[in-house]
Each structure stands twice: as C-alpha cells, then as structure tokens.
Amino acid sequence: MDSIIVKGGGELRGEIPIAGAKNACLTLMPATLLSDEPLTLTNAPRLSDIATMTALLRSLGAEVSSLQDGQVLVMSSHNLNNHTADYDIVRKMRASILVLGPMLARDGHAVVSLPGGCAIGARPVDLHLRGLEALGADLELRDGYVHAKAPGGLKGGTVDFPLVSVGATENVLMAATLAKGTTTINNAAREPEIVDLARCLRRMGAQIEGEGTSTITIQGVEKLHGATHPVVTDRIELGTYMLAPAFCGGEVTCLGGRIDLVGAFCEKLDEAGISVTETPRGLTVARKNGRIKAVNVTTEPFPGFPTDLQAQMMALLCTAEGTSVLEEKIFENRFMHAPELIRMGADIEVHGGTAKVKGVERLKGAPVMATDLRASVSLILAGMAAEGETMVSRVYHLDRGYERVEEKLGACGARIERVRG
Ligand code: EPZ
C-alpha cells in the first residue's frame, strides 16, 4: 500500500487544474445502460472509482473504451447480457447501486447486490428502493441482493423523499426517463452533479424539467439515443485545492473553478480570512494577512456547506485563531480524521455529530492513517503546514477521488512525494 510523505513549510504558488467530477461521472456512466447507442463522456477524471465502475459496466456486457489517457470514455450497452451486479464489485464502491434504476428501466429486470456500509456510516439504500417502487417496480431483498422486476415496464409516479439523497435522486431520475407517463420527484437533491446528469440525459433525448431545484419532473419517452457529454468540474476537488494556500500561505489558481459550484464554501472562506477571486482562468485563492479566523460550519445538502469538504475545513481550523464548531449533519460517522489530526497536535473534542476545534499555533508532523477519501486529503493538507514530516498511509483511499495529488500540489511548491508500498 502506497504512502505519501509531506514536509511542512513553504508557501504554495501556481495553478492547479481541476478534473471532471468523480460524483458526476459515477452517475453519468450507468446512464449508458438506458440506451443501446453509444454514450461518450469527455473531461472524465482518472480515478480508481472510475475504473471500478468501468469493471462493473463491463461485467454487465457493456463496452467501455477509455481514450486520451482516461479523459474520454466511450460506452455502449447494446450487448447487455448480464443483469446481475455482483457483491464483489458493489462492495468496493457504493455508487454501484446506480446501475439498478437504468437496468430496470431499460429491460424490466435487474439483480444488484446491496452495497453494505462504509467507514462514514451505514449508508442504507432504502430511499433508492422506495423511489423505484413508486414507479411500479417490484423489489425483493434476498441473500443480500435486490431482485427488481418491472415486467410491463416502469410507470411514471410521484416520489416524495423524506430526506435529501443524491444517489436516490439519481437512480429515480434515470429510471423515470423511460417510464410510461410523468414522474415528479419531490425533495430532490439539488447538487451540481444532479444538474449535470439531467443535462446529459436531455442530450440523450430525455424530457426533464426542474433539475437543481427540489422538484424535478420527467416525461418518460420510448427510447433514448446516444450522446456526447462533458463531465462537470469537480467541486469537491476544487474546494480541497482552494484550501491549500490557506494552510501554508501563497496564492493558487484552481483552473476551471467556478464560484457557483462552491457558493456556501466560499462564504465560509471569506469569514475565515481567505480571499477568493473569480478570473477567466478559474478561482484564485490567497490567505489574507495573518492567521485564519475560527468559523462554525454545519454540513447540509447543496447549496449548503458540502459534507465532502468538512474534513478539509476541520484540518484548516486546527490552527485558526479561536475555537470553531463543526456539525456533521449528513453522515453519522464522519469525524475519523479527528483522531489523526489530534496525533498531529490538534485540540479537537468530538461529541456525536459535533466537533469543537480549539486553534493551536502549529501542528506537528506525525505518521497518520487515511480512513476515507476526504479524511486522507485533509491529512495531506495538514501535513503541508505542520512542523516536520507527516507520513499518510493507506492512500488507496485518496486515489479513489483525487488524480495525482502529489503532482498537483508538488507543482505549486509543496514538498510531497509518494512512496510505493
Ligand atoms: C453522494 O453519496 C456522494 N457520492 C457522497 O460523496 C456525498 O458525501 C453524498 O452524496 C452527500 O452529498 C457519490 O455521489 C458517488 P446521500 P450518496 O444518498 O448518494 C442517507 C465522496 O466523498 N440515506 O445523499 O450515498 C445516507 O445514509 C462521497 O465523494 C438513506 O438514509 O449520499 C446519508 O446519511 C462520500 N437512505 C444521507 O441520506 C438512502 O436510501 C445522504 O446520503 C440513501 C441515503
């Protein structure tokens, strides 16, 4: 298992290219199952999660060609010959559940393993199933698999989500494009990844209105055709790298970054004393004079503060002036980076979904362990500003969601190297 070694100190200066969004690509790829014509995605990120979704689609009989060093994916599922998504692939990546809705909508049957939990929580899929049942699906849970049938095809219906779920909104949105009649999704997720999916489906011939709001209406069509679609910029990678100069000083421009992708996050940066300027090339970020100020953060569904940037923000606030309170409202166990930051000298008290962070002068480098995707990158950011050397182990978590992080940060002056394990 690879590790990453970071030496603290030194400002960051330069430009960081932001890749296509992992969480958009992971729902755009299963959309190919809705049509027997090719779907091409450009600006695709080069990540291990994309490789996992590629393997899953291929196991179903879809063809997936990766071109231009992985930035272009050409997919075709005219040969769909297997409707079972096996546990050994699904357990590696929860987003695998997103093949359920498209397969069911297209061929009227699908068998998909339940994904199981993960480090940050139980992460049930009950809302996905409830949404598909509202479209007439007959679902049975057996031996750890969802056995789904819709012999006469799915029918449009009303889906009322009791809480906002990105994945459940995506599964139902995709399934509804081929359902007979009109579907209304109430309390839909509003994330940019949902908007991007709707735009791609519309390119394929789907009739969708309201994406980006809490109510999405879909008029089912007979068939969807092929399309080419650019994956939207990754707002979580963007937010992560926007924080880098806040940790160690300097100025960094995140190429392709747009304020509308990180609105609530930018408000918090401003409060903390970090300046963000929108330029034609992207977002330029610098720490205003002096120390970062403590701020309070509560994670919420978009357009609120993203849960996927909570760990990175906590790492920054460990050396802020004052005490910050972070509330994690989306997942039940998403503070696993706290004990690792405490090993680096942070002063953090966790009580359930609330973390109190009392700013210290400076963190000290230490051997730490990545526990999940976003926690791992927060430890690297902390290591860049800490005194001495930090070794982050188990960076396979990192590679799931961040392209070549040591190259992108190293190009701006970070003293960072990957040690092959
Ligand atoms: C997506 O996960 C993202 N993953 C997550 O990013 C992100 O943190 C999350 O949305 C919230 O923004 C992908 O898009 C692949 P949810 P998802 O359904 O869809 C509960 C990362 O780091 N829930 O919006 O699984 C759930 O337990 C990852 O890139 C149910 O109770 O998230 C959670 O508490 C981590 N029943 C809340 O809803 C369900 O059927 C929000 O989950 C579904 C979800």
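Mentor: First, a term: a polar contact is a pair of N or O atoms within 3.5 Å; within protein, one must be able to donate a hydrogen and the other to accept it, and residues adjacent in sequence count only if both atoms are side-chain atoms. The model here is predicted, with local features needing pLDDT of at least 70 and side-chain atom pairs counting only at pLDDT 80 or more, while totals for chains, interfaces and linings use all residues. Residues are numbered from 1 along each chain as its sequence is written, and side-chain values use heavy atoms, with hydrogens and water left out.

Trainee: Okay, what makes Arg418 and Asp399 count as joined by a polar contact?

Mentor: Their side chains are joined at 2.8 Å, and the cut-off is 3.5 Å, so the pair passes. The side chains of Arg418 and Asp2 are joined by another polar contact, at 3.1 Å.

Trainee: And where does Arg418 sit?

Mentor: In strand β24, residues 415-419. Strands (E, at least two residues) and helices (H or I, at least four) are DSSP runs, numbered from the N terminus.

Trainee: Why is Arg418 called buried?

Mentor: Its relative accessible area is 16%, and buried means under 20%, exposed over 50% and partly exposed in between (1.4 Å probe, protein chains only), so the label follows.

Trainee: Then why are Val276 and Gly256 called partly exposed?

Mentor: Val276 comes in at 24% relative accessible area and Gly256 at 35%, so each falls in the middle class. Val276 belongs to strand β16 (274-279), whereas Gly256 lies in the loop between β15 (250-255) and α9 (263-272). For a bit of fold context, Gly256 and Ile18 are 238 residues apart in sequence, yet 6.2 Å apart in space, C-alpha to C-alpha.

Trainee: What about Thr299: buried or exposed?

Mentor: Buried, because its relative accessibility is 1%. Thr299 is in the loop between β18 (297-298) and α10 (310-317), and a polar atom of its side chain lies 2.8 Å from the backbone nitrogen of Lys329.

Trainee: How many aromatic pairs turn up in the whole structure?

Mentor: Two. One of them is Tyr241 with Tyr402, an edge-to-face pair at 6.4 Å centre to centre and 80° between the planes.

Trainee: Why is that one called edge-to-face?

Mentor: Rings of Phe, Tyr and Trp (its six-membered ring) pair if their centres lie within 6.5 Å; planes under 30 degrees apart count as stacked, over 60 as edge-to-face and the rest as tilted.

Trainee: What makes you call α6 mostly covered?

Mentor: Here 10 of the 11 residues are buried. At the start of α6, a side-chain oxygen of Ser165 reaches to within 3.0 Å of the backbone nitrogen of Ala168.

Trainee: What polar atoms lie by the ligand oxygens?

Mentor: A polar side-chain atom of Lys22 lies 2.9 Å from a ligand oxygen, one of Asp308 lies 2.6 Å from one, and a backbone N or O atom of Ile330 lies 2.5 Å from one. The protein covers 87% of the 830 Å² of accessible area that the ligand has on its own, with areas from the Shrake-Rupley method and a 1.4 Å probe; for residues, only the protein chains shown count as cover.
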